[in-house]
Amino acid sequence: MAVVRETEGAEAEWGVYLINSKQVELKNVIVSSKGYGNLNDEEVKTSTLRHFFDEVKANSHQKVEKIMPDVFGLNNEYMLTFYIDGVIYDRKYIFVPDSVVEENLIQIPLIDRPGVLIK
């Protein structure tokens, strides 16, 4: 999973992407996302969003959702469930508070834009 800066400037837009660097396609992909933590000494929880993709081809990427910079101070959790050759797999990815910052940006493979990647 990666949080990718899609545009430059003070009002930069960001997106969350599923990166499939495997040599096989992922089928029946479900991504659940939610944010939680403390902002300004107040407990915050975002809505849980669910996204479905029939397939994500080998060595490709799929945009999951847009993400607003004002939630970068929260834990942003993505639960990924998918099938490979009829076998179900799941993974959890958490972008911890303030991990999406300029000094952590790298060029994201397959997208070729700056962002933060969790493998």
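# Briefing: aromatic pairs, cores and pockets

Tyr-78 counts as buried because its relative accessibility is 1%, where buried means under 20% relative accessible area, exposed over 50% and partly exposed in between (1.4 Å probe, protein chains only). The model is predicted, with local features needing pLDDT of at least 70 and side-chain atom pairs pLDDT 80 or more, while totals for chains, interfaces and linings use all residues. Residues are numbered from 1 along each chain as its sequence is written, and side-chain values use heavy atoms, leaving out hydrogens and water.

**Aromatic pairs**

- A search of the whole structure finds three aromatic pairs (rings of Phe, Tyr and Trp, the last by its six-membered ring, with centres within 6.5 Å; planes under 30 degrees apart are stacked, over 60 edge-to-face, the rest tilted).
- One of the pairs is Tyr-78 with Phe-95, which is edge-to-face, with 6.1 Å from centre to centre and 80° between the planes.
- This pair links distant parts of the chain, since Tyr-78 lies in strand S7 (residues 75–84) and Phe-95 in strand S8 (residues 87–95), 17 residues apart; strands (E, at least two residues) are DSSP runs, numbered from the N terminus.
- Phe-95 is buried as well, because its relative accessibility is 3%.
- Phe-82 and Tyr-89 form a stacked pair, because their ring centres are 5.6 Å apart and their planes meet at 20°.

**Nonpolar cores**

- The largest nonpolar core has 25 residues, and those touching the most other members are Met-1, Val-3, Trp-14, Leu-18, Val-29, Val-31 and Ile-67; such a core is a set of buried Ala, Val, Leu, Ile, Met, Phe, Trp, Tyr and Cys residues joined through side-chain atoms within 4.5 Å.
- Two or more residues of this core come from each of strands S2 (14–20), S3 (26–39), S5 (49–56), S6 (60–67), S7 and S8.
- The most, four residues, come from S7.
- Leu-18 is in contact (heavy atoms within 4.5 Å) with residues beyond four places in sequence, among them Met-1, Leu-26, Val-29, Val-56 and Leu-80.
- A second, separate core has six residues, including Ala-2, Val-4, Tyr-17 and Ile-19.

**Ser-99**

- Ser-99 sits in the loop between S8 and strand S9 (106–107).
- This serine is buried, because its relative accessibility is 13%.
- Setting aside neighbours within four places in sequence, Ser-99 is in contact with Asn-104 and Val-116.

**Pockets**

- The largest pocket has a volume of about 310 Å³.
- On a 1 Å grid over the protein atoms alone, a pocket is an open set of points where a 1.4 Å probe fits, with protein on both sides within 12 Å along at least five of seven lines, and lining residues have an atom within 4 Å of a point.
- Grid points are joined across faces, edges and corners, and the volume is the space filled by probe spheres set on them.
- The largest pocket is lined by 15 residues, of which Ile-19, Asn-20, Ser-21, Tyr-93 and Lys-119 are the closest to its centre.
- S2, S7 and S8 each give two or more residues to the lining of the largest pocket, and S2 has the largest share, with three.
- The second largest pocket has a volume of about 160 Å³.
- Its lining has 14 residues, and the closest to the centre are Thr-46, Leu-49, Glu-65, Val-71 and Asn-76.
- At least two residues of the lining of the second largest pocket come from each of S3, S6 and S7.
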